[in-house]
Amino acid sequence: MKMTLRWYGPGFDSVTLEQIRQIPGVSGVISTLYDIPAGEEWPEERVVELKSIVEKAGLKLEGIESVNVSDAIKIGTKERDRHIDNYIKSLEALGKHGIDMVCYNFMPVFDWTRTDLAKVRPDGGTVLAYDQKVVDKIDPQTFFDQTTSSSNGFVMPGWEPERLKKVKELFEAYKDVDEEKLFNNLVYFLEAIGPVCEKYGIKMGIHPDDPAWPVFNLPRIITGKEKILKLLKAVDKPYNGITFCMGSLGSNPNNDLVDIIKACKGRIPFAHVRNLHHFGNGVFEEAAHLSADGSFDLYEAVKALHNTGFDGIIRPDHGRTIWGEKCMPGYGLYDRALGAEYILGLWEAIDKAAKRG
Ligand code: DNO
């Protein structure tokens, strides 16, 4: 298991590599070329540059989150093959330099969705929160404007202003895309990138839909165990894996996290470990990583990862914003560092107990 932190790259993150390096047990980062729009090719020299910035700070670039998939690929327009060619070239550039884990998602229009980016908790910290009733009452454009204007001036992942300026057109473009079509387009994409993944040993980890149900009537295809297994079977190759994101899958209380980990044994190259607190009826808010602070049992989840032989990359996920930090919602230094230490502590205890029998 390799413990990492997500880092958005120079100019996009309030957290520095020097700070990350001082978190005990964190040996690398997961990063991206944040400024390159989905559909475009990643130039090899940019990959080399990113890798060297990370390595100069004494860390390893363990993987990418995300090489985003364009709407053309998700919808299946005539642009898709050109975008897939670019995606293959991007993977080629990564593979050549030993970067072999790539997280991506196949959510239409919006990536992760929250209705409050700074919900104040009793401890005075703030967290991301979701209330389905709010989404039911709002139109997508207003929702986008509200979300981006409350992000402390940071561009958030999946909420690229250029692309989402055209929310109405995007919804129009997706109008004939149902679950089946979206799924088939995903399989088409995965089959096309298969050779380059196999050449370089790249593991693709699809990120589950967050929250794990349809929002704004858009189709969602990675919401729980059955659908994940359907995808793993449709392209039954080691390169086709999932990002086990606890917060996303766990947003639906009917998803049994431990059972999903066991069912996906060997196909999880990347794990996002975090906690959230359910209030029922599509209402939840994120929490500190500690089991006692939310609805998930982190010990059981980490134990399931350990006991299924997980040897991929882990990162703590969205944290609270605490101690006066100014940061991208969910991606401050302090609470994610606390989360990393907690997960490492659980892992050490589970590992030692297993070895001692
Ligand atoms: C939100 C993240 C997502 C995730 C993408 C992966 O904080 O979990 O933006 O990175 O969906 O492509």
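What follows is a short chat about a predicted model, going through a helix, the ligand shell and some strands.

Colleague: How far apart are the end C-alpha atoms of helix α4, and what span should its residues give?

Modeller: Helix α4 covers residues 80-96, which makes 17 residues. At 1.5 Å a residue, and counting one less than the number of residues, the helix should span 24 Å. The end C-alpha atoms agree with that, sitting 24 Å apart.

Colleague: Which elements do the buried residues of α4 pack against?

Modeller: Start with who is buried: Arg80, His83, Ile84, Tyr87, Ser90, Leu91, Ala93 and Leu94. An α-helix has 3.6 residues a turn, so residues three or four places apart point the same way. The partners of those buried α4 residues are α2 (44-56), β3 (60-65), α3 (71-75), β4 (101-105) and α9 (179-200).

Colleague: Which element gives the most to the shell around the ligand?

Modeller: The shell includes Glu65, Ser66, Cys103, Tyr104, Asn105, Asp111 and Trp112, and also Pro157, Gly158, His207 and Gly330. By type, those around the ligand split into four nonpolar, five polar and two charged. The top contributor, with three residues, is β4.

Colleague: Are the faces of strand β9 covered or open, and which residues sit on each?

Modeller: In a regular strand the side chains alternate between the two faces of the sheet. For β9 (residues 270-273), the residues on either side are all buried, and both faces are covered. One side has Phe270 and His272, the other Ala271 and Val273.

Colleague: What are the edge strands of the open sheet of four strands?

Modeller: The order is β5-β6-β11-β10, with antiparallel pairing. An edge strand here pairs on one side only, and neighbouring strands of the sheet are turned by 30° against each other on average, direction ignored. The edges are β5 (116-120) and β10 (276-280).

Notes:
Residues numbered from 1 in each chain as written. Predicted model: local features only at pLDDT ≥ 70, side-chain atom pairs only at ≥ 80, totals over all residues. Helix = DSSP H or I, 4+ residues; strand = E, 2+ residues; numbered from the N terminus. Buried ≥ 20, exposed ≤ 12 C-beta atoms within 10 Å, placed from the backbone. Contact = placed C-beta atoms within 7 Å. Near = placed C-beta within 6 Å. Nonpolar A, V, L, I, M, F, W, Y, C, P; charged D, E, K, R; others polar. Pairing = 2+ DSSP bridges. Axes fitted to C-alpha atoms, helices over the stretch in contact; angles between N-to-C directions.
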